[in-house]
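Please examine the following protein chain.

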Amino acid sequence: MRYSKFFIPTLKEVPAEAEIASHKLMLRAGMIRKIASGLYTYLPLGLRAIRKVENIVRQEMNRSGAVELLMPLVQPAELWKESGRWDHYGKELLRFKDRHGRDFCLGPTHEEVITDLIRKHIRSYRDLPLNLYQIQTKFRDEIRPRFGLMRAREFIMKDAYSFSATEESLDEIYQTMYKTYCRIFERCGLDFRPVEADTGSIGGHASHEFMVLADTGEDDIACCTKCNYAANTELAEVKKLQQQEPFAPGSEALKKVSTPGRKTVEEVTEFLNKKANDLIKTLIFLADEKPVAALVRGDHEINEVKLKKVLGAEELEMAGAETVEALTGAPVGFAGPLGLPDDVKVVADHSVAYMKDFVAGANEKDAHYTGLNWKRDLDVVSTHDIRVITEADPCPRCGAPIEIKRGIEVGHIFKLGTKYSEAMGATFLDSNGKEKPIIMGCYGIGIGRTVAAAIEQNHDERGIIFPVPIAPFEVIISLINVKDEKMSLIAKKLYDTLFENGIEVLFDDRNERPGVKFKDSELIGIPFRVTVGKKAVEEGVVEVTDRRTMKTELVAKEDVLQRLVSVLHD
(Lines give C-alpha, C1' and ligand atoms only; values in the text may rest on other atoms or scores of the structure.)
Protein backbone atom coordinates (compact mmCIF):
# COMPACT_ATOMS: atom_id res chain seq x y z
CA MET A 1 0.00 0.00 0.00
CA ARG A 2 1.32 3.43 -0.99
CA TYR A 3 1.17 6.10 1.68
CA SER A 4 0.21 8.70 -0.94
CA LYS A 5 -2.91 6.68 -1.81
CA PHE A 6 -3.77 5.71 1.76
CA PHE A 7 -5.76 7.87 4.20
CA ILE A 8 -3.77 8.70 7.36
CA PRO A 9 -4.75 12.18 8.57
CA THR A 10 -2.15 12.60 11.33
CA LEU A 11 -2.24 15.51 13.78
CA LYS A 12 0.71 17.45 15.20
CA GLU A 13 -1.11 18.73 18.27
CA VAL A 14 -2.75 16.67 21.01
CA PRO A 15 -6.55 17.13 20.83
CA ALA A 16 -7.97 18.83 23.93
CA GLU A 17 -10.62 16.10 24.35
CA ALA A 18 -8.03 13.33 24.84
CA GLU A 19 -6.92 12.41 28.38
CA ILE A 20 -5.00 9.13 28.14
CA ALA A 21 -2.20 7.95 25.86
CA SER A 22 -4.23 5.63 23.63
CA HIS A 23 -6.90 8.26 22.98
CA LYS A 24 -4.31 10.93 22.20
CA LEU A 25 -2.25 8.68 19.96
CA MET A 26 -5.16 7.10 18.09
CA LEU A 27 -6.39 10.59 17.21
CA ARG A 28 -2.93 11.93 16.34
CA ALA A 29 -2.04 8.82 14.32
CA GLY A 30 -5.18 9.14 12.20
CA MET A 31 -6.75 5.92 13.47
CA ILE A 32 -10.10 7.24 14.73
CA ARG A 33 -12.25 10.36 14.56
CA LYS A 34 -15.11 11.33 16.86
CA ILE A 35 -18.51 12.18 15.40
CA ALA A 36 -20.34 12.51 18.74
CA SER A 37 -19.71 11.70 22.40
CA GLY A 38 -18.54 8.09 22.60
CA LEU A 39 -19.04 7.50 18.84
CA TYR A 40 -16.07 7.05 16.53
CA THR A 41 -15.31 6.41 12.89
CA TYR A 42 -12.59 3.81 12.47
CA LEU A 43 -10.19 5.22 9.89
CA PRO A 44 -8.23 2.84 7.62
CA LEU A 45 -5.16 2.56 9.85
CA GLY A 46 -7.23 1.92 12.99
CA LEU A 47 -9.49 -0.50 11.18
CA ARG A 48 -6.51 -2.57 10.05
CA ALA A 49 -5.39 -2.98 13.67
CA ILE A 50 -8.93 -3.86 14.73
CA ARG A 51 -9.20 -6.45 11.95
CA LYS A 52 -5.90 -7.97 13.10
CA VAL A 53 -7.34 -8.51 16.58
CA GLU A 54 -10.59 -9.83 15.08
CA ASN A 55 -8.67 -12.36 12.97
CA ILE A 56 -6.73 -13.66 15.97
CA VAL A 57 -9.93 -13.91 18.00
CA ARG A 58 -11.77 -15.69 15.18
CA GLN A 59 -8.96 -18.17 14.59
CA GLU A 60 -8.68 -19.10 18.27
CA MET A 61 -12.44 -19.28 18.80
CA ASN A 62 -12.78 -21.58 15.80
CA ARG A 63 -9.88 -23.64 17.09
CA SER A 64 -11.71 -24.02 20.42
CA GLY A 65 -14.75 -25.53 18.68
CA ALA A 66 -16.98 -22.46 18.92
CA VAL A 67 -19.20 -21.67 15.92
CA GLU A 68 -19.70 -18.17 14.53
CA LEU A 69 -23.06 -16.53 13.87
CA LEU A 70 -24.33 -12.95 13.72
CA MET A 71 -27.24 -11.53 15.70
CA PRO A 72 -29.05 -8.18 15.25
CA LEU A 73 -28.02 -5.06 17.12
CA VAL A 74 -31.67 -4.00 17.55
CA GLN A 75 -33.52 -6.16 20.06
CA PRO A 76 -37.22 -6.31 21.04
CA ALA A 77 -38.18 -5.30 24.56
CA GLU A 78 -40.20 -8.50 25.05
CA LEU A 79 -37.03 -10.59 25.38
CA TRP A 80 -35.53 -8.24 27.96
CA LYS A 81 -38.77 -8.23 29.91
CA GLU A 82 -38.71 -12.03 29.98
CA SER A 83 -35.24 -12.04 31.51
CA GLY A 84 -36.20 -9.28 33.93
CA ARG A 85 -33.48 -6.92 32.74
CA TRP A 86 -35.67 -4.38 30.92
CA ASP A 87 -36.35 -2.54 34.19
CA HIS A 88 -33.10 -3.35 35.98
CA TYR A 89 -30.28 -2.91 33.46
CA GLY A 90 -30.19 0.86 33.90
CA LYS A 91 -29.92 3.87 31.64
CA GLU A 92 -27.02 2.33 29.71
CA LEU A 93 -29.71 0.40 27.83
CA LEU A 94 -30.80 2.71 25.01
CA ARG A 95 -34.53 2.17 24.58
CA PHE A 96 -36.67 3.44 21.71
CA LYS A 97 -39.93 2.80 19.86
CA ASP A 98 -40.32 1.85 16.21
CA ARG A 99 -42.91 3.44 13.92
CA HIS A 100 -45.55 1.06 15.24
CA GLY A 101 -44.95 2.11 18.84
CA ARG A 102 -43.23 -1.15 19.82
CA ASP A 103 -40.40 -1.02 22.35
CA PHE A 104 -36.87 -1.93 21.26
CA CYS A 105 -33.33 -1.38 22.49
CA LEU A 106 -29.82 -1.28 21.06
CA GLY A 107 -28.10 -4.39 22.36
CA PRO A 108 -25.32 -3.86 24.90
CA THR A 109 -25.04 -7.65 25.07
CA HIS A 110 -26.95 -10.61 23.60
CA GLU A 111 -27.91 -13.08 26.35
CA GLU A 112 -31.62 -12.63 25.68
CA VAL A 113 -31.34 -12.97 21.90
CA ILE A 114 -29.15 -16.08 21.99
CA THR A 115 -31.31 -17.71 24.67
CA ASP A 116 -34.41 -17.09 22.55
CA LEU A 117 -32.68 -18.73 19.58
CA ILE A 118 -31.56 -21.76 21.54
CA ARG A 119 -34.92 -22.43 23.24
CA LYS A 120 -36.51 -22.74 19.82
CA HIS A 121 -34.05 -25.31 18.50
CA ILE A 122 -32.48 -27.30 21.34
CA ARG A 123 -34.64 -30.20 22.52
CA SER A 124 -32.39 -32.95 23.85
CA TYR A 125 -29.19 -33.45 25.81
CA ARG A 126 -27.87 -34.94 22.57
CA ASP A 127 -27.87 -31.42 21.08
CA LEU A 128 -25.52 -30.22 23.81
CA PRO A 129 -22.94 -28.86 24.48
CA LEU A 130 -22.85 -25.94 22.06
CA ASN A 131 -20.79 -22.75 21.94
CA LEU A 132 -21.82 -19.92 19.59
CA TYR A 133 -20.05 -16.59 19.09
CA GLN A 134 -20.22 -13.40 17.09
CA ILE A 135 -18.04 -10.34 16.41
CA GLN A 136 -20.43 -7.43 16.26
CA THR A 137 -21.23 -3.84 17.21
CA LYS A 138 -22.67 -3.15 20.65
CA PHE A 139 -24.12 0.01 22.18
CA ARG A 140 -24.11 1.07 25.82
CA ASP A 141 -25.32 4.56 26.63
CA GLU A 142 -22.50 5.38 29.04
CA ILE A 143 -23.23 8.33 31.32
CA ARG A 144 -19.73 9.67 30.71
CA PRO A 145 -18.04 8.29 27.60
CA ARG A 146 -14.33 8.98 27.79
CA PHE A 147 -10.86 7.75 26.87
CA GLY A 148 -11.66 7.14 23.20
CA LEU A 149 -12.25 3.46 22.41
CA MET A 150 -11.59 2.57 26.04
CA ARG A 151 -15.05 3.69 27.13
CA ALA A 152 -17.08 4.42 24.03
CA ARG A 153 -20.82 4.09 23.66
CA GLU A 154 -20.62 2.14 20.41
CA PHE A 155 -17.95 -0.55 20.21
CA ILE A 156 -17.00 -3.84 18.57
CA MET A 157 -17.17 -6.92 20.75
CA LYS A 158 -16.71 -10.64 20.45
CA ASP A 159 -19.34 -12.33 22.57
CA ALA A 160 -19.80 -16.07 22.90
CA TYR A 161 -22.46 -18.10 24.68
CA SER A 162 -22.18 -21.73 25.69
CA PHE A 163 -24.98 -24.18 26.42
CA SER A 164 -24.51 -27.34 28.47
CA ALA A 165 -26.53 -30.15 30.01
CA THR A 166 -24.36 -30.47 33.14
CA GLU A 167 -22.19 -28.34 35.39
CA GLU A 168 -19.25 -30.56 34.44
CA SER A 169 -19.78 -29.70 30.78
CA LEU A 170 -19.94 -25.98 31.62
CA ASP A 171 -16.69 -26.32 33.58
CA GLU A 172 -15.00 -27.92 30.55
CA ILE A 173 -16.12 -25.15 28.20
CA TYR A 174 -15.18 -22.48 30.74
CA GLN A 175 -11.67 -23.89 31.04
CA THR A 176 -11.42 -24.14 27.26
CA MET A 177 -12.42 -20.48 26.95
CA TYR A 178 -9.95 -19.53 29.69
CA LYS A 179 -7.12 -21.18 27.74
CA THR A 180 -8.42 -19.73 24.46
CA TYR A 181 -8.38 -16.21 25.89
CA CYS A 182 -4.84 -16.69 27.15
CA ARG A 183 -3.76 -17.74 23.64
CA ILE A 184 -5.58 -14.77 22.08
CA PHE A 185 -3.90 -12.16 24.26
CA GLU A 186 -0.53 -13.90 24.02
CA ARG A 187 -0.83 -13.82 20.23
CA CYS A 188 -1.73 -10.12 20.41
CA GLY A 189 1.64 -9.56 22.11
CA LEU A 190 0.16 -8.24 25.37
CA ASP A 191 1.30 -8.43 28.99
CA PHE A 192 -1.90 -9.51 30.72
CA ARG A 193 -3.28 -11.32 33.76
CA PRO A 194 -6.43 -13.44 34.12
CA VAL A 195 -8.04 -12.31 37.39
CA GLU A 196 -10.96 -13.47 39.48
CA ALA A 197 -13.76 -10.95 39.11
CA ASP A 198 -17.28 -9.90 40.03
CA THR A 199 -20.08 -10.93 37.65
CA GLY A 200 -21.75 -7.51 37.70
CA SER A 201 -25.00 -6.86 35.81
CA ILE A 202 -24.51 -9.93 33.59
CA GLY A 203 -25.13 -12.26 36.55
CA GLY A 204 -23.83 -15.74 37.17
CA HIS A 205 -21.72 -17.40 39.83
CA ALA A 206 -18.11 -17.35 38.60
CA SER A 207 -16.06 -15.13 36.32
CA HIS A 208 -12.57 -14.09 35.28
CA GLU A 209 -11.46 -10.82 33.75
CA PHE A 210 -8.46 -10.62 31.44
CA MET A 211 -6.48 -7.51 32.28
CA VAL A 212 -3.79 -5.82 30.21
CA LEU A 213 -1.31 -4.34 32.68
CA ALA A 214 -0.83 -0.60 32.24
CA ASP A 215 -0.27 2.34 34.56
CA THR A 216 -3.35 4.07 33.15
CA GLY A 217 -5.62 1.09 33.81
CA GLU A 218 -9.04 1.76 35.33
CA ASP A 219 -8.98 -1.28 37.61
CA ASP A 220 -6.79 -2.28 40.54
CA ILE A 221 -5.58 -5.89 40.53
CA ALA A 222 -4.19 -7.79 43.49
CA CYS A 223 -1.39 -10.04 42.18
CA CYS A 224 0.52 -12.53 44.30
CA THR A 225 4.31 -12.24 44.10
CA LYS A 226 4.70 -16.00 44.43
CA CYS A 227 1.72 -18.01 43.16
CA ASN A 228 -0.58 -17.40 40.17
CA TYR A 229 -3.34 -15.76 42.24
CA ALA A 230 -4.71 -12.54 40.80
CA ALA A 231 -8.06 -10.87 41.40
CA ASN A 232 -9.78 -7.59 40.80
CA THR A 233 -9.71 -5.70 44.09
CA GLU A 234 -13.52 -5.62 43.93
CA LEU A 235 -13.40 -9.37 44.55
CA ALA A 236 -9.98 -10.07 46.08
CA GLU A 237 -10.44 -11.95 49.34
CA VAL A 238 -8.91 -10.58 52.54
CA LYS A 239 -7.91 -13.35 54.91
CA LYS A 240 -9.26 -13.19 58.44
CA LEU A 241 -6.53 -12.91 61.09
CA GLN A 242 -6.19 -16.15 62.99
CA GLN A 243 -3.29 -15.39 65.32
CA GLN A 244 -5.07 -12.72 67.37
CA GLU A 245 -7.98 -12.87 69.79
CA PRO A 246 -11.09 -11.09 68.47
CA PHE A 247 -13.02 -8.61 70.63
CA ALA A 248 -10.31 -8.55 73.30
CA PRO A 249 -10.77 -6.07 76.18
CA GLY A 250 -8.92 -2.76 76.18
CA SER A 251 -7.56 -0.59 78.98
CA GLU A 252 -8.77 2.93 78.21
CA ALA A 253 -11.89 4.55 79.66
CA LEU A 254 -14.67 5.54 77.31
CA LYS A 255 -14.63 9.30 76.73
CA LYS A 256 -16.54 11.68 74.50
CA VAL A 257 -14.26 14.38 73.15
CA SER A 258 -14.88 17.54 71.17
CA THR A 259 -13.59 17.41 67.58
CA PRO A 260 -14.83 20.70 66.11
CA GLY A 261 -14.99 20.59 62.32
CA ARG A 262 -12.92 17.39 62.16
CA LYS A 263 -14.72 14.98 59.84
CA THR A 264 -12.15 13.01 57.86
CA VAL A 265 -9.95 10.21 59.18
CA GLU A 266 -6.88 12.41 58.66
CA GLU A 267 -8.37 15.39 60.48
CA VAL A 268 -9.67 13.40 63.45
CA THR A 269 -6.56 11.27 64.00
CA GLU A 270 -4.21 14.25 63.69
CA PHE A 271 -6.33 16.23 66.16
CA LEU A 272 -6.43 13.35 68.67
CA ASN A 273 -2.82 12.27 68.07
CA LYS A 274 -3.94 8.84 66.91
CA LYS A 275 -3.20 6.62 63.93
CA ALA A 276 -5.67 5.80 61.17
CA ASN A 277 -5.82 2.18 62.28
CA ASP A 278 -7.01 3.36 65.73
CA LEU A 279 -10.27 4.66 64.25
CA ILE A 280 -13.42 2.96 62.99
CA LYS A 281 -15.16 4.55 60.01
CA THR A 282 -18.94 4.21 60.15
CA LEU A 283 -20.39 4.52 56.65
CA ILE A 284 -24.14 4.74 56.17
CA PHE A 285 -25.67 2.98 53.14
CA LEU A 286 -29.14 2.22 51.88
CA ALA A 287 -29.48 -1.45 50.91
CA ASP A 288 -32.75 -1.94 49.06
CA GLU A 289 -33.76 1.35 50.72
CA LYS A 290 -33.06 0.02 54.25
CA PRO A 291 -30.32 1.70 56.37
CA VAL A 292 -27.05 -0.11 56.98
CA ALA A 293 -23.97 1.01 58.92
CA ALA A 294 -20.74 -0.50 57.54
CA LEU A 295 -17.74 -0.48 59.89
CA VAL A 296 -14.18 -0.52 58.58
CA ARG A 297 -10.85 0.47 60.05
CA GLY A 298 -9.73 4.03 59.36
CA ASP A 299 -6.85 2.97 57.12
CA HIS A 300 -9.06 0.66 55.05
CA GLU A 301 -11.55 1.33 52.26
CA ILE A 302 -15.03 -0.15 52.07
CA ASN A 303 -15.65 -2.58 49.21
CA GLU A 304 -19.21 -1.94 48.06
CA VAL A 305 -19.28 -5.04 45.86
CA LYS A 306 -18.48 -7.27 48.83
CA LEU A 307 -20.89 -5.38 51.11
CA LYS A 308 -23.71 -5.77 48.61
CA LYS A 309 -23.10 -9.53 48.46
CA VAL A 310 -22.96 -9.88 52.24
CA LEU A 311 -26.28 -8.06 52.52
CA GLY A 312 -27.82 -9.98 49.63
CA ALA A 313 -29.06 -6.64 48.30
CA GLU A 314 -30.32 -5.86 44.83
CA GLU A 315 -29.44 -2.17 45.17
CA LEU A 316 -26.82 -0.49 47.36
CA GLU A 317 -26.03 3.20 47.54
CA MET A 318 -24.26 5.55 49.90
CA ALA A 319 -26.79 7.49 51.97
CA GLY A 320 -27.07 11.20 51.30
CA ALA A 321 -26.19 13.87 53.86
CA GLU A 322 -29.84 14.41 54.88
CA THR A 323 -30.42 10.69 55.41
CA VAL A 324 -27.20 10.35 57.45
CA GLU A 325 -28.21 13.21 59.72
CA ALA A 326 -31.75 11.88 60.12
CA LEU A 327 -30.46 8.44 61.15
CA THR A 328 -27.49 9.42 63.33
CA GLY A 329 -28.44 12.88 64.56
CA ALA A 330 -25.18 14.27 63.24
CA PRO A 331 -23.69 15.55 59.97
CA VAL A 332 -21.62 13.31 57.73
CA GLY A 333 -18.27 12.55 59.36
CA PHE A 334 -19.52 12.04 62.91
CA ALA A 335 -21.37 8.71 62.64
CA GLY A 336 -20.30 5.91 64.97
CA PRO A 337 -21.46 2.44 66.10
CA LEU A 338 -22.43 3.53 69.64
CA GLY A 339 -25.94 4.92 69.84
CA LEU A 340 -27.20 4.03 66.39
CA PRO A 341 -30.99 3.47 66.06
CA ASP A 342 -32.12 -0.15 66.38
CA ASP A 343 -33.45 -0.25 62.83
CA VAL A 344 -29.96 0.43 61.39
CA LYS A 345 -28.31 -2.89 60.52
CA VAL A 346 -24.61 -2.99 61.46
CA VAL A 347 -22.12 -4.88 59.28
CA ALA A 348 -18.45 -4.90 60.32
CA ASP A 349 -15.28 -5.86 58.55
CA HIS A 350 -13.20 -8.67 60.07
CA SER A 351 -10.43 -6.23 60.96
CA VAL A 352 -12.56 -4.24 63.44
CA ALA A 353 -12.91 -7.34 65.65
CA TYR A 354 -9.21 -6.98 66.56
CA MET A 355 -9.44 -3.31 67.53
CA LYS A 356 -9.55 -2.06 71.10
CA ASP A 357 -9.42 1.38 72.72
CA PHE A 358 -10.51 2.74 69.37
CA VAL A 359 -11.95 6.04 68.14
CA ALA A 360 -15.34 6.46 66.44
CA GLY A 361 -17.92 9.14 65.75
CA ALA A 362 -20.28 9.99 68.63
CA ASN A 363 -23.37 10.50 66.42
CA GLU A 364 -23.21 14.10 67.50
CA LYS A 365 -21.89 17.16 65.65
CA ASP A 366 -18.22 17.94 66.42
CA ALA A 367 -17.81 14.94 68.75
CA HIS A 368 -16.04 11.56 68.76
CA TYR A 369 -15.56 8.79 71.29
CA THR A 370 -12.14 7.58 72.38
CA GLY A 371 -11.43 4.42 74.38
CA LEU A 372 -14.26 2.45 72.75
CA ASN A 373 -14.17 -1.31 73.33
CA TRP A 374 -16.22 -4.30 72.31
CA LYS A 375 -18.32 -6.13 74.91
CA ARG A 376 -17.94 -3.34 77.48
CA ASP A 377 -19.28 -0.48 75.32
CA LEU A 378 -20.55 -2.20 72.22
CA ASP A 379 -22.24 -5.50 71.50
CA VAL A 380 -20.12 -7.98 69.59
CA VAL A 381 -21.10 -7.90 65.91
CA SER A 382 -20.77 -10.50 63.19
CA THR A 383 -17.88 -9.66 60.91
CA HIS A 384 -17.36 -10.17 57.20
CA ASP A 385 -14.82 -9.44 54.50
CA ILE A 386 -16.18 -6.08 53.27
CA ARG A 387 -13.04 -4.08 52.56
CA VAL A 388 -10.61 -3.54 49.72
CA ILE A 389 -7.44 -5.61 49.87
CA THR A 390 -4.13 -3.74 50.33
CA GLU A 391 -0.46 -4.53 49.79
CA ALA A 392 -0.19 -5.02 53.57
CA ASP A 393 -2.45 -8.09 53.28
CA PRO A 394 -1.10 -11.55 52.45
CA CYS A 395 -2.12 -13.54 49.40
CA PRO A 396 -5.38 -15.34 50.26
CA ARG A 397 -4.08 -18.48 48.55
CA CYS A 398 -0.47 -18.95 49.67
CA GLY A 399 0.15 -16.17 52.21
CA ALA A 400 2.94 -14.50 50.22
CA PRO A 401 3.04 -10.70 49.75
CA ILE A 402 0.81 -9.21 47.07
CA GLU A 403 1.22 -6.27 44.70
CA ILE A 404 -1.51 -3.93 43.55
CA LYS A 405 -1.23 -3.28 39.81
CA ARG A 406 -3.32 -1.30 37.37
CA GLY A 407 -5.11 -3.12 34.60
CA ILE A 408 -7.41 -2.56 31.62
CA GLU A 409 -10.16 -5.11 31.18
CA VAL A 410 -10.15 -6.50 27.63
CA GLY A 411 -11.97 -9.79 28.18
CA HIS A 412 -14.44 -11.32 30.62
CA ILE A 413 -15.76 -14.86 30.99
CA PHE A 414 -18.77 -15.88 33.11
CA LYS A 415 -20.48 -18.99 34.35
CA LEU A 416 -24.05 -17.84 33.96
CA GLY A 417 -25.68 -21.03 35.14
CA THR A 418 -29.44 -21.08 34.56
CA LYS A 419 -30.24 -17.40 35.18
CA TYR A 420 -31.43 -16.76 31.63
CA SER A 421 -32.58 -20.25 30.65
CA GLU A 422 -34.92 -20.47 33.65
CA ALA A 423 -36.31 -16.99 33.13
CA MET A 424 -36.89 -17.57 29.42
CA GLY A 425 -37.82 -21.25 29.39
CA ALA A 426 -34.79 -22.60 27.54
CA THR A 427 -34.92 -26.29 28.50
CA PHE A 428 -33.85 -29.71 27.26
CA LEU A 429 -34.78 -33.31 27.97
CA ASP A 430 -32.08 -35.25 29.81
CA SER A 431 -31.30 -38.97 29.30
CA ASN A 432 -34.20 -39.86 31.58
CA GLY A 433 -36.64 -37.71 29.63
CA LYS A 434 -36.79 -35.09 32.39
CA GLU A 435 -37.01 -31.44 31.41
CA LYS A 436 -34.18 -29.27 32.76
CA PRO A 437 -32.94 -25.71 32.19
CA ILE A 438 -29.91 -25.36 29.94
CA ILE A 439 -26.73 -24.32 31.79
CA MET A 440 -25.06 -21.32 30.17
CA GLY A 441 -21.74 -19.53 29.99
CA CYS A 442 -20.83 -16.13 28.49
CA TYR A 443 -17.48 -15.00 27.10
CA GLY A 444 -16.66 -11.47 25.84
CA ILE A 445 -13.71 -9.59 24.34
CA GLY A 446 -13.64 -5.88 23.54
CA ILE A 447 -11.97 -5.70 20.13
CA GLY A 448 -11.35 -1.95 19.87
CA ARG A 449 -10.61 -1.83 23.58
CA THR A 450 -7.88 -4.44 23.06
CA VAL A 451 -6.22 -2.20 20.45
CA ALA A 452 -6.45 0.80 22.80
CA ALA A 453 -5.07 -1.25 25.71
CA ALA A 454 -2.17 -2.41 23.54
CA ILE A 455 -1.31 1.23 22.86
CA GLU A 456 -1.53 2.10 26.56
CA GLN A 457 1.00 -0.64 27.19
CA ASN A 458 3.18 0.08 24.15
CA HIS A 459 4.07 3.70 23.47
CA ASP A 460 6.76 6.29 24.08
CA GLU A 461 7.22 10.03 23.60
CA ARG A 462 7.41 9.52 19.82
CA GLY A 463 4.12 7.66 19.48
CA ILE A 464 2.70 4.15 19.27
CA ILE A 465 4.83 0.98 19.38
CA PHE A 466 2.55 -1.71 17.98
CA PRO A 467 3.20 -5.37 18.81
CA VAL A 468 3.87 -7.04 15.46
CA PRO A 469 0.76 -9.30 15.46
CA ILE A 470 -1.72 -6.41 15.65
CA ALA A 471 0.21 -3.68 13.82
CA PRO A 472 -1.68 -2.14 10.87
CA PHE A 473 1.42 -2.80 8.77
CA GLU A 474 4.51 -4.77 9.69
CA VAL A 475 7.00 -2.64 7.76
CA ILE A 476 7.12 0.89 6.41
CA ILE A 477 9.52 1.83 3.62
CA SER A 478 10.62 5.46 3.84
CA LEU A 479 11.88 6.76 0.51
CA ILE A 480 14.10 9.75 1.25
CA ASN A 481 13.96 11.43 -2.18
CA VAL A 482 11.06 10.56 -4.46
CA LYS A 483 12.65 12.61 -7.27
CA ASP A 484 15.78 10.44 -7.37
CA GLU A 485 15.01 7.78 -9.99
CA LYS A 486 17.62 5.27 -8.84
CA MET A 487 16.59 5.60 -5.21
CA SER A 488 12.91 5.30 -6.14
CA LEU A 489 13.57 2.19 -8.20
CA ILE A 490 15.35 0.48 -5.30
CA ALA A 491 12.50 1.36 -2.93
CA LYS A 492 9.89 0.14 -5.42
CA LYS A 493 11.69 -3.18 -5.91
CA LEU A 494 11.98 -3.64 -2.15
CA TYR A 495 8.27 -2.89 -1.76
CA ASP A 496 7.34 -5.43 -4.45
CA THR A 497 9.61 -8.09 -2.94
CA LEU A 498 8.22 -7.69 0.56
CA PHE A 499 4.61 -7.54 -0.66
CA GLU A 500 5.00 -10.65 -2.82
CA ASN A 501 6.44 -12.55 0.15
CA GLY A 502 3.46 -11.87 2.37
CA ILE A 503 4.87 -8.99 4.44
CA GLU A 504 2.36 -6.22 5.10
CA VAL A 505 4.22 -3.14 3.96
CA LEU A 506 3.37 0.55 3.70
CA PHE A 507 5.41 2.43 1.09
CA ASP A 508 5.92 6.07 2.09
CA ASP A 509 6.25 7.58 -1.37
CA ARG A 510 5.18 11.08 -0.36
CA ASN A 511 7.14 14.10 -1.50
CA GLU A 512 7.91 15.12 2.08
CA ARG A 513 11.06 15.93 4.06
CA PRO A 514 12.76 12.88 5.68
CA GLY A 515 12.06 14.29 9.15
CA VAL A 516 8.33 14.40 8.47
CA LYS A 517 8.35 10.82 7.20
CA PHE A 518 10.32 9.57 10.19
CA LYS A 519 8.07 11.32 12.68
CA ASP A 520 4.95 9.93 11.03
CA SER A 521 6.35 6.39 10.94
CA GLU A 522 7.20 6.61 14.63
CA LEU A 523 3.82 8.13 15.51
CA ILE A 524 1.78 5.41 13.79
CA GLY A 525 3.93 2.72 15.35
CA ILE A 526 4.85 0.42 12.45
CA PRO A 527 7.27 -2.15 13.99
CA PHE A 528 10.08 -1.81 11.40
CA ARG A 529 11.16 1.00 9.11
CA VAL A 530 13.30 0.48 6.03
CA THR A 531 14.94 3.76 5.01
CA VAL A 532 16.05 3.98 1.38
CA GLY A 533 18.48 6.87 0.98
CA LYS A 534 21.84 7.72 -0.61
CA LYS A 535 23.55 4.65 0.86
CA ALA A 536 21.12 2.45 -1.03
CA VAL A 537 22.31 3.98 -4.30
CA GLU A 538 25.99 4.40 -3.49
CA GLU A 539 26.68 1.35 -1.27
CA GLY A 540 23.72 -0.96 -1.85
CA VAL A 541 22.60 -0.86 1.80
CA VAL A 542 19.47 0.39 3.54
CA GLU A 543 18.72 1.26 7.15
CA VAL A 544 16.41 -1.07 9.09
CA THR A 545 15.10 0.54 12.29
CA ASP A 546 13.32 -1.32 15.09
CA ARG A 547 10.52 0.96 16.32
CA ARG A 548 10.58 -0.51 19.85
CA THR A 549 14.30 -0.08 20.51
CA MET A 550 14.93 2.63 17.88
CA LYS A 551 18.13 0.77 16.99
CA THR A 552 19.18 0.96 13.36
CA GLU A 553 21.30 -1.49 11.36
CA LEU A 554 22.63 -1.37 7.84
CA VAL A 555 21.43 -4.26 5.69
CA ALA A 556 22.33 -5.08 2.10
CA LYS A 557 19.27 -4.44 -0.04
CA GLU A 558 19.26 -8.03 -1.30
CA ASP A 559 19.20 -9.28 2.34
CA VAL A 560 16.34 -7.10 3.56
CA LEU A 561 13.64 -9.74 3.02
CA GLN A 562 15.55 -12.40 4.94
CA ARG A 563 16.38 -9.97 7.74
CA LEU A 564 12.78 -8.80 8.15
CA VAL A 565 11.38 -12.33 8.04
CA SER A 566 13.76 -13.30 10.84
CA VAL A 567 12.75 -10.39 13.12
CA LEU A 568 9.03 -10.44 12.31
CA HIS A 569 8.75 -14.14 13.08
CA ASP A 570 11.10 -14.07 16.07
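Q: What share of the contacts in the protein chain with a separation of 6 or more comes from residues 24 or more positions apart?
A: This is a predicted model, in which local features need pLDDT of at least 70 and side-chain atom pairs count only at pLDDT 80 or more, while totals for chains, interfaces and linings use all residues. Residues are numbered from 1 along each chain as its sequence is written, and side-chain values use heavy atoms, with hydrogens and water left out. Contact means heavy atoms within 4.5 Å. Among contacts in the protein chain with a separation of 6 or more, the share from residues 24 or more positions apart is 69%.

Q: Is leucine 39 buried or exposed?
A: Buried means under 20% relative accessible area, exposed over 50%, and partly exposed in between (1.4 Å probe, protein chains only). Leucine 39 has a relative accessibility of 19%, and therefore counts as buried.

Q: Which residues does leucine 39 contact, leaving aside its neighbours within four places in sequence?
A: Leucine 39 belongs to strand S2, residues 39-42; strands are DSSP runs of E with at least two residues, numbered from the N terminus. With neighbours within four places in sequence set aside, its contacts are Arg33, Lys34, Phe139, Arg153 and Glu154.

Q: How far apart are the C-alpha atoms of leucine 39 and threonine 323?
A: Along the chain, leucine 39 and threonine 323 are 284 residues apart. The separation of their C-alpha atoms is 38 Å.

Q: What percentage of the residues of the protein chain count as buried?
A: The protein chain has 570 residues. The proportion of them that counts as buried is 53%.

How values were computed. Helix = DSSP H or I, 4+ residues; strand = E, 2+ residues; numbered from the N terminus.
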